[in-house]
Amino acid sequence: MSSHIKNNTDIQLLATYGTLRDDDNSGALWTKNFIKGISHATTGRIVGYQLLGHPIITYPFAIYTGNPNDSIVVRLLSWPSKEQFEEKIEQADIIEGDDYERKIVEAIVENETKLAYIYILKSEISLEKDWKVIPSGDWLKRHLK
């Protein structure tokens, strides 16, 4: 995954929905280090996406559906400087690996739209049947069986 941020230097928000959320409760080893130094975090929603969870695997995937009835809860994270933000994007590229791709999305926060980067499952990746939609779209309310 390329960590170079092209032509979108004004975007300095990262929409996180799973183990990169600042309020993640999964115990993922990378969360605490990743969120270190954030300057602000707020809750928003992204429309046209579903959140998928697995009963054994401890991180989710977001997929684009394009359906306006689908949405996921995100935490929009920012860091004090552009340089720190770019460092965190590079770190997120490594954490997310080859199964995810970074996209630009519109996040709705208190009736305002903000542009942010998000990592979603690459469309060419097929998931096994044990991956289920998290109906609330909220990782903190995943309760999978």
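A: Glu110 is exposed, with a relative accessible area of 74%. Here, exposed means over 50% relative accessible area, buried means under 20%, and partly exposed lies in between, as computed with a 1.4 Å probe on protein chains only. This is a predicted model, in which local features need a pLDDT of at least 70 and side-chain atom pairs count only at pLDDT 80 or more, while totals for chains, interfaces and linings use all residues. Residues are numbered from 1 along each chain as its sequence is written, and side-chain values use heavy atoms, with hydrogens and water left out.

Glu110 belongs to the loop that joins β6 (100-109) to β7 (112-121). Strands are DSSP runs of E with at least two residues, helices are runs of H or I with at least four, and both are numbered from the N terminus. The backbone of Glu110 has a positive phi of about 50°, although the residue is not a glycine. Asn111 lies in the loop between β6 and β7 as well. Its phi is also positive, at about 65°, and Asn111 is likewise not a glycine. Asn111 is exposed, with a relative accessible area of 81%.

Glu96, in helix α2 (residues 82-96), is buried yet has no salt bridge. A salt bridge requires a side-chain nitrogen of Lys or Arg within 4 Å of a carboxyl oxygen of Asp or Glu. For charge, Lys and Arg count as positive and Asp and Glu as negative, whereas His and the chain ends are not counted. The nearest side chain of opposite charge to Glu96 is that of Arg102, 9.5 Å away. Leaving aside residues up to four places away in sequence, Glu96 touches Leu20 and Tyr119; contact means heavy atoms within 4.5 Å.

Elsewhere, an open sheet of 3 strands has the order β4-β3-β8, with antiparallel pairing. Its edge strands, β4 (61-64) and β8, each pair on one side only. Two strands pair if DSSP finds at least two bridges between them, and β3 (residues 49-53) joins β4 over 4 bridges in the antiparallel sense. In this arrangement Gln50 stands opposite Ile63 in β4.

Finally, pLDDT is the predictor's confidence in each residue, from 0 to 100. The protein averages 90, and 92% of the residues score at least 70. Over residues 1-6, however, the pLDDT is below 50; beyond near neighbours in sequence, this stretch has 18 contacts in the model.
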